[in-house]
Amino acid sequence: MDRRKFIRNSCTACLSATGVTAVLSSCTATRYISGTLGKDGLTIDINEFVTRQQGKTAYRPFIIIRNEALQYPVCVYRFSENEYSALWMKCTHQGAELQVSGDYLQCTAHGSEFNSKGTVKTGPADRNLRNFPVSVAGNQLFIDLRAI
Ligand code: FES
């Protein structure tokens, strides 16, 4: 087999294996909702985190709230039944909208990265993300946006 054919075959096999896995995992992990926007913040149903995997109840690690009344989305990470973080998806460097990649939020503008608590891990950003207070009441999660 010549060199070009080898590279083409290797790359095609590699891309199809990793590409399909990446697409499938991102489809199952990311859920976008609009939530209910009130005077002081957003309310979402806690069951938005629930999913089914192989017939069993599982929980999404995060959901993204994209509400047209808000300038940026809010990423809500679930750590346990009563522990969440709600992060303003605005990069603290120059304000680009962040992308979520598992436990990290990444900025495609200049490469800053933040963890699921909003702590900056990679610059050039040098400030943490806005992290809104979250409270749980029954099946509702309230995200206090008064600090925007
Ligand atoms: S705007 Fe995000 S790193 Fe520059």
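Predicted model: local features only at pLDDT ≥ 70, side-chain atom pairs only at ≥ 80, totals over all residues.
**Overall make-up**
- The protein chain has one helix and 15 strands; helices (H or I, at least four residues) and strands (E, at least two) are DSSP runs, numbered from the N terminus.
- Of its 148 residues, 24% count as buried, where buried means that 20 or more other C-beta atoms lie within 10 Å of the residue's own, exposed means 12 or fewer, and partly exposed is in between, with C-beta atoms placed from the backbone.
- Among contacts with a separation of 6 or more, 40% come from residues 24 or more positions apart; a contact needs C-beta atoms, placed from the backbone, that lie within 7 Å.

**Around E97**
- E97 counts as partly exposed because it has 14 C-beta neighbours inside 10 Å.
- Leaving aside neighbours within four places in sequence, E97 is in contact with Y72, M89 and K90.
- Q71 is 26 residues from E97 along the chain, and their C-alpha atoms are separated by 9.6 Å.

**The open sheet**
- Five strands form an open sheet in the order β1-β6-β7-β8-β13, with mixed pairing; two strands pair if DSSP finds at least two bridges between them.
- Its edge strands, β1 (32–33) and β13 (131–132), each pair on one side only.
- Two bridges join β1 to strand β6 (residues 62–65) in the parallel sense, and I33 has I65 in β6 as its bridge partner.

**The β14–β15 hairpin**
- Strands β14 (residues 134–137) and β15 (residues 140–144) pair in the antiparallel sense over four bridges, with S135 opposite F142 in β15.
- Two residues lie between the strands of this hairpin, and G138 in the turn has a positive phi of about 65°.

**The nonpolar core**
- The largest nonpolar core has 29 residues; such a core is a set of buried Ala, Val, Leu, Ile, Met, Phe, Trp, Tyr and Cys residues joined through C-beta atoms within 7 Å.
- V74, C75, V76, A86, L87 and I143 have the most contacts inside this core.
- At least two core residues come from each of β3 (41–45), β6, β7 (74–80), β8 and β15.
- Not counting residues up to four places away in sequence, C75 touches F62, I64, L87, M89, V100 and L105.

Conventions:
Residues numbered from 1 in each chain as written. Contact = placed C-beta atoms within 7 Å.
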